[in-house]
Amino acid sequence: MTEAPEPRPGLNELVGLTLTALAEGRRRRGGPLPAGGPSRVRAAIQAALGVSPDRTSLLPSTGIGATAALTGLVEALAAGSADPADPWCAAHLHCPPLPVAVAADLAVSALNPSLDSWDQAPAATTIETEVVAALAALAGFDPDRAAGTITTGGTESNLMGLLLARDAAPNGRLRVFRSAAAHLSIDRAAAVLGLDAPPVTAIPTDDQDRMRVDLLRRALAEHAGPAVVVATAGTTDAGAVDPLREIAAAVEEHRSRLRVRPHPSAPAETGHPASSGWLHVDAAYGGGALFSDRLAGHLDGIALADSVALDLHKLGWQPAPAGVFLTPRPDGWPSLRAAHADYLRSEDDEAAGFPSLLDRSLRTTRRADSFPIAVALRALGRDGLGALVDACHDLARHAERTVHADPRLEPAFPVTLSTVVFRYRPRAGATGSAACTADRLDQLNDAIRRTLLLGGRAVVGRTRTGPDRAVHLKLTLLNPDATQADVDTLLRLVATTGDELVGGDGGGVRSVP
Ligand SMILES: *Cc1c(COP(=O)(O)O)cnc(C)c1O
């Protein structure tokens with residue numbers, strides 16, 4: 001006798017089970033991340049996946065059924081997650097998503113529109129177009145002329161910016177100028193695009209992590225060909241914003257230099273105003289400041305850019321991915337236009353008024369990630385989102401005051417957005433402080449972070465900065481519901497963990513996990 005197949009439970013029932021399992025997994029975790037480190041998490045997740053040490057696969061020949069698979073794995077995922085909704089999970093540009101955006105995301109998954117053709121996404125095509133127009137207006141572009149697309153994040157948006165810059169450059173030859181603090185995705189995009197060799201010139205930063213515009217001017221003056229300058233609005237480590245207006249002026253000077261008095265080796269000028277100079281602003285982190293009256297001034301000059309990257313899965317509280325690429329040049333997508341597929345897009349459809357977003361993206365199948373953004377923009381408005389940005393900025397300024405007040409904590413940069421970079425240093429006269437060489441100090445700060453991770457107690461960021469590339473810790477505060485008391489407790493935990501690690505053995509780091 002064969003067993004009756006399990007009835008297929010519907011979405012209502014499964015969503016209810018998911019929410020219960022999420023809560024249970026969080027309860028089991030009991031902190032910002034699972035305690036015990038990678039081996040313990042791996043074992044727990046493999047057990048939930050049904051994978052055993054003798055390497056059985058998670059793909060059984062007969063399934064265990066929707067209810068068991070879903071509840072078991074959601075609980076394991078929640079128990080094993082670093083949860084950005086916990087105030088002590090503060091390492092990365094990793095935000096707790098707004099419940100309203102998560103709920104909207106569920107609708108997208110249920111309907112599964114795909115933006116590569118209108119007949120897969122009749123509503124979502126308009127939604128994306130309107131989200132792009134609203135965000136273009138927020139950045140100061142003319143929303144009727146600006147174009148853009150929703151991307152997987154800053155990485156894809158930066159690649160798009162460099163692609164459009166290359167398409168606009170004569171002969172496709174182009175050199176990238178970016179600050180030493182620019183995001184790694186800029187160099188990766190240059191590598192993918194196979195730009196001129198050497199493809200990238202790094203411009204040094206000042207003591208606040210901002211591009212030195214005097215040095216940019218000098219580097220551009222020495223370069224006879226087309227240039228894309230990448231300004232960072234919100235460096236990933238310090239949250240510093242490059243001086244956008246001054247950088248735009250330097251790009252404009254480069255354009256007119258090549259237009260008026262071309263260097264003998266310069267390629268022929270095509271007459272396109274953007275062809276010899278392009279300004280791309282990587283505002284993946286700082287773009288959210290545009291929602292805040294208090295902080296928007298930092299981005300003054302962003303409207304002079306030829307292209308912009310924003311990430312609403314950072315200061316925007318969207319579930320990832322919610323990247324945004326914007327450009328005031330609607331005509332500049334030749335590389336994407338060049339490739340054609342009759343099954344997705346046809347001239348007769350376009351003539352008949354069926355729009356196509358196919359050549360707005362490098363991707364083909366593409367989720368309607370604009371939808372949760374649209375819902376959140378409508379639900380909170382600019383003021384509501386601005387209030388969340390300000391709450392995170394307030395928390396960072398409070399953390400900065402606490403760091404200044406604790407003799408064991410040493411700040412690295414002033415707060416611009418919502419990041420505080422600092423390091424632990426044993427108090428002068430404390431046991432072992434005299435023996436604290438630069439290497440020891442690095443090891444100690446590394447050890448503080450890993451001790452907190454292994455204990456499941458806190459997720460604190462780590463980077464290297466300053467002239468000697470010293471190890472520093474950082475709090476990236478993106479949880480507007482965290483309190484000043486949460487931040488103070490977290491900083492005290494960092495400092496006391498440092499004290500415990502220094503211990504009484506003559507300044508050695510006692511146990512470096
Ligand atoms: C996060 C970040 C990126 C990369 O964005 P993803 O969304 O992770 O692809 C690029 N630039 C800056 C300045 C960033 O902070």
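Visitor: In which helix is Ala124 found?
Guide: The model is predicted, so local features need pLDDT of at least 70 and side-chain atom pairs count only at pLDDT 80 or more, while totals for chains, interfaces and linings use all residues. Residues are numbered from 1 along each chain as its sequence is written, and side-chain values use heavy atoms, with hydrogens and water left out. Helices (H or I, at least four residues) and strands (E, at least two) are DSSP runs numbered from the N terminus, and on that basis Ala124 is found in helix α5.

Visitor: Is Ala124 buried or exposed?
Guide: A residue is called buried under 20% relative accessible area, exposed over 50% and partly exposed in between, with a 1.4 Å probe and protein chains only. The relative accessibility of Ala124 is 8%, so Ala124 counts as buried.

Visitor: Which residues does Ala124 touch, not counting residues up to four places away in sequence?
Guide: Contact means heavy atoms within 4.5 Å. Although Ala124 and Phe371 are 247 residues apart in sequence, their C-alpha atoms are 7.2 Å apart in space. With residues up to four places away in sequence not counted, Ala124 touches Pro113, Leu115, Ala368 and Ser370.

Visitor: How do Trp118 and Phe354 form an aromatic pair, and what are the distance and angle?
Guide: Rings of Phe, Tyr and Trp (its six-membered ring) pair if their centres lie within 6.5 Å, and planes under 30 degrees apart count as stacked, over 60 as edge-to-face and the rest as tilted. The structure holds two aromatic pairs. Trp118, in the loop between α4 and α5, and Phe354, in the loop between α11 and α12, are 236 residues apart. Their pair is edge-to-face, at 5.0 Å centre to centre and with 85 degrees between the planes.

Visitor: Why is the pair of Phe325 and Trp333 edge-to-face?
Guide: Phe325 is buried, with a relative accessible area of 0%, and Trp333 also counts as buried at 0% relative accessibility. The ring centres of Phe325 and Trp333 are 6.0 Å apart and their planes stand at 85 degrees, so the pair is edge-to-face.

Visitor: Which strands stand at the edges, each with a single partner strand?
Guide: Two strands pair if DSSP finds at least two bridges between them. Seven strands form an open sheet of mixed pairing, in the order β2-β8-β7-β6-β5-β3-β4. One side of each edge strand is left without a neighbour in the sheet, because each has a single partner strand, and these edge strands are β2 (147-151) and β4 (200-203).

Visitor: Which residue in β5 does Phe177 stand opposite?
Guide: Strands β3 (residues 175-179) and β5 (residues 227-232) run parallel and are joined by four bridges. Within β5, the residue opposite Phe177 is Val229.

Visitor: Which residues of β10 are buried on each side?
Guide: Strand β10 (residues 419-424) is mostly covered, with six of its six residues buried. In a regular strand the side chains alternate between the two faces of the sheet. In β10 both faces are covered, with Thr419, Val421 and Arg423 buried on one side and, on the other, Val420, Phe422 and Tyr424.

Visitor: Which residue in β12 does Thr419 stand opposite?
Guide: Strands β10 and β12 (residues 470-476) run antiparallel and are joined by four bridges. The residue of β12 that stands opposite Thr419 is Thr476.
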